[in-house]
Every structure is written in C-alpha cells, then in structure tokens.
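Dear colleague,

I am passing on the structure we spoke about, and the notes that follow it go through what was found. Please keep the sequence and the coordinates open beside this message as you read.

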Amino acid sequence: MKKILAILLACILLAALAAVPASASNPTHFYLTGPSSAKVGDQVEVKVNVEGSYQAHFIRLSVNFDKTALTYTDKSFGPVYLSAMNADGMCAVGLTMDGNAVSIAMLMPVDALSAAGEIVTLSFTVLSTAGSKTKIDLVVEEFGYMPVGQTTPTNLAHKEDGINIKISGGSGTQTTPTPGPGDHSGFATDDPNATDPGDTAKQTDAPKDTSKPDPNATEAPTDDPNATEEATEDPNATEEVTEDPNATEAPTDDPDATPGPETTDEPGPGGEPARSNNLTKGLLTAGGCVLAAALAFLCVLIAKRSKRKE
C-alpha cells in the first residue's frame, strides 16, 4: 500500500513539473489584425487580439504607431475588454503623452482574466505626410498573475505580433520608426484630436524670441524720474498750503480788538510767539483796572461812614 501511494505521489510531481515547460512552449499570443494597404485619408481599423490559455490579473499593452503617417481617432471595446469590465476589473484605453502610442490596461483585483478573442479595435486616419508604408507594433508591457494574498507577481509567457500597411498617395519619403519595447504608460488624454506636446512646446517657445526687449528702445514712458518727482514730491506746493509764514492769526475772542502787528505768529525774543506777551499785558491791565475800581469803592464807603458819624 505504501509503495502504491509513493508511486502516485511521484506521478503527481512529475505531472506538475511537466506542466511548466508545456505552458512555456505555448505562450499566450497577443497580435494585431488590420488592412494590408490604405491610401491617404482612409480610416484604418486595427484590432488588438489575444489567444491561448492563460489566467492573468494584470495586462498592459502598448500599440505603437508612426504619428507622421497615422493619427489616432477612436476606439471600440471587444469581448475580452467587456469581460474584464463585467468582472469588476479596472480598465482604460487612451493616447499616451508622446502621442505615438495607445495604451491598453486591464487590472483584475479578484478574479483572473482568461477570455480570448478581440480586446479593442483602434481607428486611425492616414495622413498626407505618410510614406510608402507604415508599421504598427504591439508591445506587451505587463502580463502577470498575482492572486489575493500573493505579494510577488508571476510573469506569464507571451509573444506579440504587429502589422505592416502599404500607403499610397503620401508625400513622405521614409517611415519614422515606431517606439520600441518599454514603458509607454501615462495616459495623456482620450481626445484623439489632442495636439502633440512637442508641437505645443514649439509654439510656446516662439513668443520668447519675439518678446525680447529692443536695445534701441527708450524707457522714457516708464522710467521718467522727472514725471514722478513733479507729481509727488513738489516741496513748493506743500509749503504754500501748510506752512505759510505770512498767514494771519485768527481773530481773538474780543470783538472790538483790532488786529495789529502783535497778532502775528512772529516768535518773540524768548522763542515764544508775541501773542503770549500780549495776553500777559492784557491780564495785567485788567487786574490793574479791577484794583483801581476796588480802591475807588473803598474810598466811597469810607466817605459815607464819615458823613454818618458827623
């Protein structure tokens, strides 16, 4: 009985070991299909497909094209893409920052994706600057298996194939090479009419050259020191209004007083205005008058008493 169990266990191990090279010898195939020829102005549809047996939690593809020959215009989803969306996958399709590749991403948080067939269909327009032929490459950026609880992804075996399209009516003399394998992520926009970032940079650089200051231009309108000083720092205007030495003093409380030379603000010998001296003299005079009146009243009173005694 023990020998039978040992033989069965050995067979299971051998079968498991044999499964690895079998899967490596039959990798998952990603490929493009589309027309073999087109002319300037045509709408070209390119399908992105997958075939083979696989289980993947993340797939990221890059469809690279010559942007002087083709411009990306639209997309439609195939059965594989819709299957990933229906399984609560996180999916996205969009033009990359460089404008010469379309990135396709499908991330499955729980259930692995195993569907085969058409993933998406991409639409392009043939430009007048295209050469006699153009190539569209398909690059598998990421393709792996990583279920819940596994911290390290398992990269899956794969292969990819692009297509070549003959172009007629184009003015281009040669084909610009498409970007090679690598990281072409970074969705710039889903708008197929978005301008190329390189062209935008050229447009923004032009004003810098034209806006340089002319060395022969004068700076009178903005840096005229005389205009500013006359408007804000005229010493004569301020002195005439606030510090006029010839200004007369306001009338005193005495309505009968007549202004004389003593009523000015001329400083006296002691450094104080002459008005203070005049006030002191007025007080002394008033005090003298009061004293004289008191003496007169006293004299009258004494005279009356003297008459009564007589």
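Strand E3, residues 43-51, and strand E8, residues 117-126, run antiparallel to each other and are paired over eight bridges. Within this pairing, Gln-43 has Thr-125 of E8 as its bridge partner. Please bear in mind throughout that this is a predicted model.

**The sheet around the pair**

E3 and E8 belong to an open sheet of five strands, whose order is E5-E8-E3-E1-E11 and whose pairing is mixed. The edges are held by strand E5 (70-77) and strand E11 (158-161), and because each of these has a single partner strand, one side of each is left without a neighbour in the sheet. From one strand to the next, the twist averages 20°.

**Helix H2 on the sheet**

Helix H2, which spans residues 79-86, packs on this sheet and touches E3, E5 and E8, with its direction at about 120° to that of E8. Which residues of H2 are buried? They include Val-80, Tyr-81 and Ala-84, and these cover an arc of only 100° around the axis, so they lie on the same side of H2. As background, an α-helix has 3.6 residues a turn, and therefore residues three or four places apart point the same way. The buried residues of H2 pack against E3, E5 and E8, and also against strand E6 (90-96) and strand E7 (101-107). On the face of H2 turned away from the buried side, the exposed residues are Pro-79 and Asn-86. Just after H2, Asp-88 adopts a positive phi of about 65°.

His-29 is located in strand E1, residues 28-33. Is His-29 buried or exposed? Its relative accessible area is 13%, and because buried means under 20%, His-29 counts as buried. Its side chain is joined to that of Asp-161 by a polar contact of 2.7 Å. Once neighbours within four places in sequence are set aside, the residues in contact with His-29 are Asn-49, Val-50 and Glu-51, together with Lys-159, Glu-160 and Asp-161.

Thr-33 also has its place in strand E1, but Thr-33 is partly exposed, with a relative accessible area of 32%. Not counting residues up to four places away in sequence, Thr-33 touches Glu-45, Val-46, Lys-47, Asn-49 and Ile-163. With one of these, Asn-49, Thr-33 forms a side-chain polar contact of 3.3 Å. Thr-33 and Thr-121 are 88 residues apart along the chain, and their C-alpha atoms are separated by 9.4 Å.

**The protein as a whole**

The secondary structure amounts to six helices and 13 strands. Of the 310 residues in the protein, 23% are buried. Among contacts in the protein with a separation of 6 or more, 78% are between residues 24 or more positions apart. The protein exposes about 21000 Å², and 58% of that area is supplied by carbon and sulfur atoms.

Technical notes. Residues numbered from 1 in each chain as written. Predicted model: local features only at pLDDT ≥ 70, side-chain atom pairs only at ≥ 80, totals over all residues. Heavy atoms only, no water. Pairing = 2+ DSSP bridges. Helix = DSSP H or I, 4+ residues; strand = E, 2+ residues; numbered from the N terminus. Axes fitted to C-alpha atoms, helices over the stretch in contact; angles between N-to-C directions. Contact = heavy atoms within 4.5 Å. Buried < 20%, exposed > 50% of the residue type's maximum accessible area, 1.4 Å probe, protein only. Arc of directions from axis to C-beta. Areas by Shrake-Rupley, 256 points an atom, 1.4 Å probe, with all protein chains shown as cover. Polar contact = N/O pair within 3.5 Å; in protein donor to acceptor, adjacent residues only side chain to side chain.
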